[in-house]
Structure formats: structure tokens, C-alpha cells
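Come along while I look up a few charges, contacts and backbone angles.

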Amino acid sequence: HEEYILERTKGVCKGGVDVAIDFVSSPRTINRLTKVLKQEGVIVVGGKSKYDINICLNTLSEQNQCVIGVKGGTKQELHELVEIMASGKVSPPPFTVFPLDQANKALDQLQQCSISSNTLLQVTPPAKQ
């Protein structure tokens with residue numbers, strides 16, 4: 001399924017990804033990101049990952065790409081990010097939301113590639129508007 005994921009990502013992101021934020025930062029996710037990253041693209045890694053990752057430095061330099069590590073963000077930065085997203089200046093990629101009690105269904109559909117890999121489990125009831 002890996003090739004399918006790469007093809008779909010490049011298709012949805014019009015040839016590749018400009019910026020990717022990876023808080024998993026496992027060998028699998030980093031390997032995938034390096035394959036879909038555009039020239040001059042940026043991978044932001046964060047979280048508490050304990051993995052050792054191999055990255056081809058020659059590819060990074062030839063493509064003028066970079067990997068940046070971040071510890072985390074501030075509450076103010078999160079607020080600013082939410083404001084930017086709410087303003088519509090940046091659109092999130094398409095995603096599917098499942099209630100928590102349908103987690104197994106979501107995993108089955110992900111495994112069968114019948115839904116986007118951008119899938120969320122909703123752990124609280126939706127907010128009333």
C-alpha cells in the first residue's frame with residue numbers, strides 16, 4: 001500500500017508536499033515524507049520520538065530540503081494557528097471523522113485504503129453550534 005499512499009499524497013498535494021509536520025517521527029513516516037517532499041520542502045519533526053532515523057543527506061542537499069526539530073509550541077502559537085485555519089487562508093487536507101466507538105471500522109477502512117489516511121477519532125461529542 002505504500003506506493004498507493006505516495007501516489008495519492010503527490011496527487012492531492014499537486015506533485016508533493018511543501019511542509020510536513022511529523023510528531024510520530026518513526027522510520028516509516030520520515031521515509032514516506034522524504035519521498036513526497038517537494039524541492040525546497042521542509043519536514044518538521046517534534047514530540048518525544050526515540051527513533052533513530054536514516055536520511056540521505058545528498059538528497060536533502062540536491063533538493064534544497066531541510067528537516068527542522070521542534071520541542072513543541074506555546075498556547076499563543078496554537079491560538080494563532082487556529083486563527084489562521086479559521087480564516088480560511090490555509091485549508092486542511094481532506095479527512096474522515098469516526099466516533100471513538102467506530103475505531104475498528106476506521107482501522108479496517110484504512111487497511112483497505114477505502115478512506116483517506118487522514119482519519120480522526122472523535123473522543124468527545126461534537127460541540128453544539
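**Charged pairs**

I began with Glu2, which is partly exposed at a relative accessible area of 25% (buried means under 20%, exposed over 50%, partly exposed in between, with a 1.4 Å probe and protein chains only). Before going on, I noted that this is a predicted model, where local features need pLDDT of at least 70, side-chain atom pairs count only at pLDDT 80 or more, and totals for chains, interfaces and linings use all residues. Residues are numbered from 1 along each chain as its sequence is written, and side-chain values use heavy atoms, with hydrogens and water left out.

Which residues form a salt bridge with Glu2? I found Arg32, with the closest N and O atoms 2.8 Å apart. For the term, I took a side-chain nitrogen of Lys or Arg within 4 Å of a carboxyl oxygen of Asp or Glu. Glu2 lies in helix H1 and Arg32 in helix H2, so this pair ties together parts 30 residues apart in sequence. Helices (H or I, at least four residues) and strands (E, at least two) are DSSP runs, numbered from the N terminus.

I then found Arg28 as a partner of Glu2, with a closest N to O distance of 3.9 Å. This pair links distant parts of the chain: Arg28 sits in H2 (residues 27-36) and Glu2 in H1 (residues 2-12), 26 residues apart. Arg28 is exposed, at 56% relative accessible area.

My next pair was Lys38 and Asp18, a salt bridge with its closest N and O atoms 3.8 Å apart. Lys38 belongs to strand S2 (residues 37-45) and Asp18 to strand S1 (residues 17-22), so the pair ties together parts 20 residues apart in sequence. Both partners are partly exposed: Lys38 has 25% relative accessibility, and Asp18 has 46%. Through shared partners, salt bridges join Glu2, Arg28 and Arg32 into one network. My count came to three salt bridges.

I looked up Asp22, which is in strand S1.

I did see a polar contact of 2.6 Å between the side chains of Asp22 and Thr29. That term means a pair of N or O atoms within 3.5 Å; within protein, one must be able to donate a hydrogen and the other to accept it, and residues adjacent in sequence count only if both atoms are side-chain atoms. Leaving aside neighbours within four places in sequence, Asp22 is in contact (heavy atoms within 4.5 Å) with residues including Ile30, Leu33 and Val44.

**Backbone angles**

I checked phi next. Most residues other than glycine have a negative phi. Glu40 is not a glycine, yet its phi is positive, about 65°. Glu40 lies in strand S2 and is exposed, at 54%. Asn64, also not a glycine, has a positive phi of about 55°, and lies in the loop between helix H3 (57-62) and strand S3 (66-69).

**Confidence**

The chain has a mean of 84, with 94% of its residues at 70 or more. Confidence is lowest in strand S5 (residues 119-122), at a mean of 80, and highest in H2, at 92.

Notes. pLDDT is the predictor's confidence in each residue, from 0 to 100.
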